Amino acid sequence: MATPRKPIKKPLPKNSNARLVKRVVKNTSQKSNKTRRLTSLIALIILLLLTSLVIGFAWISFLFIFQPQQLGWINKLLPQWAQIKVAKSEAQTLAQIEADVNKLGLQKGEIIFNENSFLLPIYKQRSNCQSDCKEIVELRVYQQALDLEFKTEPEKHYQLTTQIAIAGPEESFVIAPLVNATNENQGSSISLPVTEIKRLEGASKGSGTWYYLLGQRSEGTYNINYGHILYFNPARYHIQQLISWTSPTGTLPQWQQVTGNSNKELVINQTVGLEPQLQVYQVKSVKTFLNPVELNEITLKPAALKDSSFEKAISMARSGLWTPAYNSLKFIKKQKKNISSNALAQIDVIRLHSQISKNQADTTWASPSQQVIANLIDGRWGKALEAFKTTHKQNSLEISQSLKADSGRLWSRIEAALQVNPSQKEVQAWGALILASQYGDARAYSWLKEQFKGKPVNLPEIQVLLKHLKGEVTAQSLPTTTHTSKIIGSAQSIESKQVNFNDWLQIGADNSDNSTNNPSNNQKWYQVKVSTFHDGKNWLKAPFTTLNLPKTAPEKQKYLRSILGLDNDATLQIAVWHTNSEQQSTTATIKAVQLTNGTLRLLVLPNNSVHISTSGEKNQPQALATTTSALEWIQPSPTTLGQLQSIDSQRGNAVLKGVWRALQATNSVKGNLPNVQTIQQKLGHWPVQELDITGNGKPEIVLTASNEAITSLAPVAKQTQNKKNLNSRPRTLILSDNNSIIYTDLGQNSQKSLIAIANLSQTNLPSLLISESDGYTLKRWSQKNQRFE
């Protein structure tokens, strides 16, 4: 068998023109996968768009068949030939709209007109109520029908474009700021009624039209305003409800430039007492067809910048130390570049709170308790401690009650401050004082021992402070400084024979005439019952139970002369009113003083005697006695209710209604609330003054009316009856900026009368000088309790 031969490889032909070709096979599988995924994604997007269009067309078709009046806004998007025709049965006149509303057992509210449309609130009568018995249950938007067939009609026709049901916010939401501040009842889930709708003015240009729904609720001493914020889209004739709001101070929502950008922010004031608490919302655009905007709150949680110093400052702000936090953030802002807009917004919100707490701390408060709390809120530990150390026994007990009532906000500040610097002696002291006021001294000492183990603590000083907190103080040392006398009281005429001069301590500036030792039988004297005086540091009010007099007569004389400021001024001005409204005045010199069971009386000798009733003439204020520097009278320019209405009809109408309700409450007028025109005819000539008395930056309305004017509102038969007991002194009514009654002495049986409004030295708010049956009282608006105190 032959052996196979190996194949012989033939050599390639030698060709100089031949080229060597290399075949490359590309891997296209990866590229193919990407293409398939992209194709699937595009297909999915197209499918979703088609589905949305189908659903949208289906919904529009449904409305076209069953509620074609809801499609009026589409006409703005369609050419003339394609617009949806509105049948006459679907477009209505104002009279027809009102008739349909009445058929439902509801009531039409006041129409708010916009261009080619209007907003209509629908009211429902509430059962078992005493006041504000109508609540808003629905809002409707109507667009004017502009089809050719309606242009020939004598009356304008409108078609419904938006209809939304309205329910007020829940009770638990409305009182939430008070619950957080006082740990009171949490409230229920019952919706509280909203009774008014008003335009929210002051928004940035081009941001649209805003409204707020308003309801009112009294909770303890607080008059709460609450409601919803709404946005009207004029391009789609649509209104939407965005957020709910509540304000324990009764402050309405307002637009304010907070972050410094081109758009204003919406600020809602939820401050309780001296604790600043604001909600700040930014307007954000969203790409939705009917609702193009939303309100986003600027919150402090979480911190918008991942930086330990920034986060620590934000934590301090959340604890209430607004000013220390802002001071830290200002430094961080200078050091860092390219800070995000969210972080800058948080800084601006903290700055806004800091401004409030700083202003409060810089104010000289009449109440030492308020002065101390205001300093603590602003983180001024040392200043607060100095104010506490110099208080009288009564005031230290008042401060103790304020610390005891703290719901935890002050304690949060203590903890935040100690985290920054545990060795702050003033903060240690305030921590002990807060715990002692709430749980007793044992708890305070235990906390000091555990919290500051191995750290320096000034225990002897804290022991003294804890004793002072309980009113365990020694007699006051004699004042070392002199001040101008500031005294306010009521004067009464007495005869020399009625006075036992041995019961009086002579403290007059000049007793060389020995008038108190050797009085003549026919000498006239005035006795002044002191209502309040300034001791050089604070205003003290009767009864003066904390005045600890020295034991010896010379020391008593020196002490009283100094604390009353008689070394600089011992002269009183006496003003007397008579039944014919005539006023007389004279001056008198303080000669002696008497302090009995907290009642402080001055014995004064008049320079020119005027008649002062010994028992007080009926319905007339007592004679007023003041030193020259005690009061600075405030007399704003007067106007009338009619003039106020002509300047601002919306505000004027609200004030007229508020005054009439006050007259109803005192039975000065009877029956239901008449229309504004009728009220204006009856009250338009009554004088009013505008004055910021509560310190919120908005003027209150001070109305003064004679009893003759009030009596003229009653029926003729009653006018004749009332003339017999006519009280000639005028009556006063004060309405807040939201037209709530914050003071009134209307009514024939009222024993008090507002004499004047004045500024007291070293106080931040005007005071009401009120004459009562037993003398004069001075009352100022309390930010904490939302009333005159």
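Which side chains meet in a salt bridge with Arg140, and at what N to O distance? The side chain of Glu138 does so, at 2.4 Å. The legends below describe a predicted model, in which local features need pLDDT of at least 70, side-chain atom pairs count only at pLDDT 80 or more, and totals for chains, interfaces and linings use all residues. Residues are numbered from 1 along each chain as its sequence is written, and side-chain values use heavy atoms, with hydrogens and water left out.

**Figure 1. The salt bridge of Arg140 and Glu138.** A salt bridge is a side-chain nitrogen of Lys or Arg within 4 Å of a carboxyl oxygen of Asp or Glu. By this rule, the count comes to 16 salt bridges. Both Arg140 and Glu138 are buried; buried means under 20% relative accessible area, exposed over 50%, and partly exposed in between (1.4 Å probe, protein chains only). A network of salt bridges links Glu171, Arg217 and Glu219.

**Figure 2. Salt bridges of Glu275 with Arg409 and of Glu461 with Lys389.** In the pair of Glu275 and Arg409, the closest N and O atoms are 3.6 Å apart. Glu275 lies in the loop between strand 11 (265-269) and strand 12 (278-285), and Arg409 in helix 12, so the pair ties together parts that are 134 residues apart in sequence. Helices (H or I, at least four residues) and strands (E, at least two) are DSSP runs, numbered from the N terminus. Glu275 counts as buried at 15% relative accessibility, whereas Arg409 counts as partly exposed at 22%. The side chains of Glu461 and Lys389 meet at 2.9 Å, N to O. Because Glu461 belongs to helix 15 (residues 459-469) and Lys389 to helix 10, this pair ties together parts that are 72 residues apart in sequence. Glu461 is partly exposed, with a relative accessible area of 29%, and Lys389 is partly exposed, with 34%.

**Figure 3. The aromatic pair of Tyr212 and Trp245.** A search of the whole structure finds 11 aromatic pairs. Rings of Phe, Tyr and Trp (its six-membered ring) pair if their centres lie within 6.5 Å; planes under 30 degrees apart count as stacked, over 60 as edge-to-face and the rest as tilted. Tyr212 and Trp245 are edge-to-face, at 6.5 Å centre to centre and with 80° between the planes. Tyr212 lies in strand 7 (residues 209-219) and Trp245 in strand 9, so the pair ties together parts that are 33 residues apart in sequence. Tyr212 counts as buried at 6% relative accessibility, and Trp245 counts as buried at 0%.

**Figure 4. The aromatic pair of Phe388 and Trp430.** This pair is tilted, with 5.8 Å centre to centre and 55° between the planes. The pair links distant parts of the chain, 42 residues apart: Phe388 is in helix 10 (residues 381-389) and Trp430 in helix 13 (residues 425-439). Phe388 counts as buried at 0% relative accessibility, and Trp430 is buried with a relative accessible area of 0%. Elsewhere, ring pairs link Phe113, Phe118, Tyr142 and Tyr158 into a cluster.

**Figure 5. Helix 7 (residues 322-335) and its packing.** The expected span of a helix is 1.5 Å times one less than its number of residues. For the 14 residues of helix 7 this should be 20 Å, and the end C-alpha atoms are 20 Å apart, which agrees. Trp322, Thr323, Ala325, Tyr326, Leu329 and Ile332 are buried in this helix. The buried residues of helix 7 pack against helix 6, helix 8 and helix 12 (409-420).

Figure 6. Although Asn116 is not a glycine, its phi is positive, at about 60°.

Methods: Contact means heavy atoms within 4.5 Å.
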